[in-house]
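Please consult the sequence and the structure shown below while reading.

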Amino acid sequence: MKSLKIGLGTAAIGRPHYINIRDTTSEAFDLKSFKKKAFQVLNAAYKKGVRYYDTAPGYGIAEQIVSEWLKTKEDDTIEVATKWGYVYTANFELDANIHELKDHSVDQLIKQWEDSKILFPNLTTLQIHSATFESGVLEDEAVLQKMAQLKLKQNIHIGLSVSGDNQVAILKRALEIEYNNKPLFEVFQVTYNILDQSLLEIIDTIKKNQNRVIIKEALANGRLLPNANYPHYYKMYTTLEALAKKYEVGVDAIALRFCIQSVDPFIVLSGASSVQHVKDNNKANNFELSQEDLETLYTFKVKPSKYWSERKQLQWN
Ligand SMILES: NC(=O)c1ccc[n+]([C@@H]2O[C@H](COP(=O)([O-])OP(=O)(O)OC[C@H]3O[C@@H](n4cnc5c(N)ncnc54)[C@H](OP(=O)(O)O)[C@@H]3O)[C@@H](O)[C@H]2O)c1
């Protein structure tokens, strides 16, 4: 049996609004039906064999939902990875001035760890949420020491997630950091997809020492799905649609499969917000792109600066 490489990211099921390409606004928020839908997505993923769930306090009530859902499963093969460093501030309101706030201080690490460890007694991974040079988190001795201590005492994996056109430079810096004569970080959550292939520069180095590579934004927040607002991707869309037809899956599964085969990561996160998306995304586990098709997909990469300036234009929706 092929190994199942799709995990579930919970950004879209823990808060009603997140960065995407939708041009319609979400329905009025109702907590009961919101939680019910989230449980349906989690259950659908579990049924498809997903055993890796990525969450964060910055994703609204995602941690609480995943924690409640876990109690219905009692399955110790389920892995939960969380993060620290963002506070959710939108209070489920679309027109909130600020949807999330970054805080990379050691006090915030301690505070969010205290909450997460209660919600997830069997947590496997704690990551810095969106490490940047600007926040200084990779140079903060108090933070790094606390994370090293948690790694040792709690027996968890320590990681970080990165975004932006300098994500490779941040990864390089993170790989240099050592505690107790060993590299501190062993889980690297990185944006990688057909458009932003910058991870390839450093993938072999990251994969040494059995480090885990987790891919996020594999669909470029939806920009890889044919969309009239991005006419400059017309050629790529035509190719993706032809491949979808050839392999009898959706464009989403082609894009996710590209990540699986070109990087062979530990996990590619699906950002599914509905049961149908879970079913569609998980088809990426079940087929193999030919080398020729893979080569064609490599040609659609764009410069990271272009990718991330377009990404910045996306709205909370
Ligand atoms: N650490 C970080 O800084 C960070 C940042 C971003 C994401 N992440 C993690 O990575 C996960 C995935 O990232 P993501 O959700 O941003 O990006 P993504 O997977 O690149 O894109 C998700 C988008 O694709 C659309 N989509 C997915 N399957 C579809 C299908 N079958 N048909 C039509 N549309 C489909 C979704 O539509 P809808 O809009 O309709 O749902 C959504 O807009 C997150 O849940 C989170 O766990 C981490």
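## Helices 2 and 3

Helix 2 and helix 3 are oblique to each other, a class left for angles that are neither under 35 degrees (roughly parallel), nor over 145 (roughly antiparallel), nor 65 to 115 (roughly perpendicular). The axes of helix 2 (residues 31-47) and helix 3 (residues 62-71) cross at roughly 55° and come within 10 Å. Such axes are lines fitted to C-alpha atoms, for helices over the stretch in contact, and the angles run from 0 to 180 degrees between N-to-C directions. The crossing of the two helices is right-handed, that is, the near helix is turned clockwise from the far one by less than a right angle. Helix 2 contributes Phe34, Lys35, Ala38, Phe39, Leu42, Asn43 and Tyr46 to the contact, and helix 3 contributes Ile65, Val66, Glu68 and Trp69; contact means heavy atoms within 4.5 Å. By class, the contact of helix 2 with helix 3 holds eight nonpolar residues, one polar and two charged. Here Ala, Val, Leu, Ile, Met, Phe, Trp, Tyr, Cys and Pro count as nonpolar, Asp, Glu, Lys and Arg as charged, and the others, Gly among them, as polar.

In helix 3, the buried residues are Ala62, Glu63, Ile65, Val66, Ser67 and Trp69. Buried means under 20% relative accessible area, exposed over 50%, and partly exposed in between (1.4 Å probe, protein chains only). These buried residues of helix 3 pack against helix 1 (11-14), helix 2, strand 3, strand 4 (79-84) and helix 4 (106-119).

## Basis of the description

This is a predicted model, in which local features need pLDDT of at least 70 and side-chain atom pairs count only at pLDDT 80 or more, while totals for chains, interfaces and linings use all residues. Residues are numbered from 1 along each chain as its sequence is written, and side-chain values use heavy atoms, with hydrogens and water left out. Helices (H or I, at least four residues) and strands (E, at least two) are DSSP runs, numbered from the N terminus.

## The barrel

Eight strands close into a barrel in the order 1-3-4-7-8-11-12-13, with parallel pairing. Two strands pair if DSSP finds at least two bridges between them. On average, neighbouring strands of this sheet are turned by 25° against each other, direction ignored.

Strand 1 (residues 6-9) has pairing partners in strand 13 and strand 3. With strand 13 (residues 267-270), strand 1 pairs in the parallel sense over three bridges, and Ile6 stands opposite Val268. With strand 3 (residues 52-54), strand 1 runs parallel and is joined by two bridges; here Leu8 stands opposite Tyr53. Ile6 and Leu8 point one way from strand 1, Gly7 and Gly9 point the other way, and all are buried. In general, the side chains of a regular strand alternate between the two faces of the sheet.

Strand 8 (residues 157-162) is mostly covered, with five of its six residues buried.

## Helix 9 and its neighbours

Helix 9 (residues 251-263) lies across strand 1, strand 12 (212-216) and strand 13, and runs at about 165° to strand 13. Helix 9 also packs with helix 11 (residues 291-298) at an angle of about 100°, the axes being 11 Å apart. These two helices are therefore roughly perpendicular to each other. In this contact, Ile254, Phe258, Gln261 and Ser262 of helix 9 meet Leu294, Leu297 and Tyr298 of helix 11. The residues of the contact of helix 9 with helix 11 comprise five nonpolar, two polar and no charged.

## Selected loop residues

The loop between helix 7 (203-207) and strand 12 holds Asn209 and Gln210. Phi of Asn209 is near 55°, a positive value in a residue other than glycine; for Gln210, phi is likewise near 55°. Asn209 counts as exposed at 61% relative accessibility, and Gln210 counts as exposed at 75%.

Leu314 lies in the loop between helix 12 (304-312) and strand 14 (315-316). Leu314 is buried, with a relative accessible area of 11%. The C-alpha atoms of Leu314 and Asn221 are separated by 8.7 Å, although the two residues are 93 residues apart along the chain.
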